[in-house]
Amino acid sequence: MIKKMAWNTFKQTGNIDTFLEFTQIKNLEENILGENDEENKNKRDNNCRK
């Protein structure tokens, strides 16, 4: 979804910086989601070992 928004914004403005900013946001969002998934997995694993 973010990639589509970035592409549409780039097509309208012609500004590559906008596209790059959106892709950076997408990468940050994926990293945050990945970290949250790992934390949740670790919490579940810790609870199972008790």
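Phe 22 touches Ile 2, Met 5, Ala 6 and Thr 9, when residues up to four places away in sequence are not counted; contact here means heavy atoms within 4.5 Å. Before we start, note that this is a predicted model, in which local features need pLDDT of at least 70, side-chain atom pairs count only at pLDDT 80 or more, and totals for chains, interfaces and linings use all residues. Residues are numbered from 1 along each chain as its sequence is written, and side-chain values use heavy atoms, with hydrogens and water left out.

### Exercise 1: the overall picture

Solution. 
- Step 1. Helices (H or I, at least four residues) and strands (E, at least two) are DSSP runs, numbered from the N terminus.
- Step 2. Buried means under 20% relative accessible area, exposed over 50%, and partly exposed in between (1.4 Å probe, protein chains only).

### Exercise 2: helix α1 and its end

Task: compare the span of α1 with the expected one, then say which residue follows the helix.

Solution. 
- Step 1. The expected span of a helix is 1.5 Å times one less than its number of residues.
- Step 2. α1 has 12 residues and reaches 16 Å from its first C-alpha to its last, close to the expected 16 Å.
- Step 3. Gly 14 comes after α1, and its phi is positive, near 75 degrees.

### Exercise 3: the aromatic rings

Task: work out how the ring of Trp 7 is placed against those of Phe 10 and Phe 19.

Solution. 
- Step 1. The structure holds three aromatic pairs. In the pair of Trp 7 and Phe 10, the ring centres are 5.5 Å apart and the planes meet at 40 degrees, so this pair is tilted. Rings of Phe, Tyr and Trp (its six-membered ring) pair if their centres lie within 6.5 Å; planes under 30 degrees apart count as stacked, over 60 as edge-to-face and the rest as tilted.
- Step 2. Trp 7 and Phe 10 are separated by about one helical turn, because they are three residues apart in helix α1 (residues 2-13).
- Step 3. Trp 7 is partly exposed at 42% relative accessible area, and Phe 10 is partly exposed at 21%.
- Step 4. Trp 7 also pairs with Phe 19, this time edge-to-face, at 6.2 Å centre to centre and 80 degrees between the planes. Trp 7 lies in helix α1 and Phe 19 in helix α2 (residues 16-48), so the pair ties together parts that are 12 residues apart in sequence.
- Step 5. Phe 19 is buried, with a relative accessible area of 18%. Put together, Trp 7, Phe 10 and Phe 19 form one aromatic cluster.

### Exercise 4: the salt bridge

Task: identify which side chains meet in a salt bridge.

Solution. 
- Step 1. Recall the criterion: a side-chain nitrogen of Lys or Arg within 4 Å of a carboxyl oxygen of Asp or Glu.
- Step 2. The structure holds one salt bridge, where the side chains of Lys 26 and Glu 30 meet (3.8 Å, N to O).
- Step 3. Both residues, Lys 26 and Glu 30, lie in helix α2, four residues apart, about one turn of the helix.
- Step 4. Lys 26 is partly exposed at 28% relative accessible area, and Glu 30 is partly exposed at 44%.
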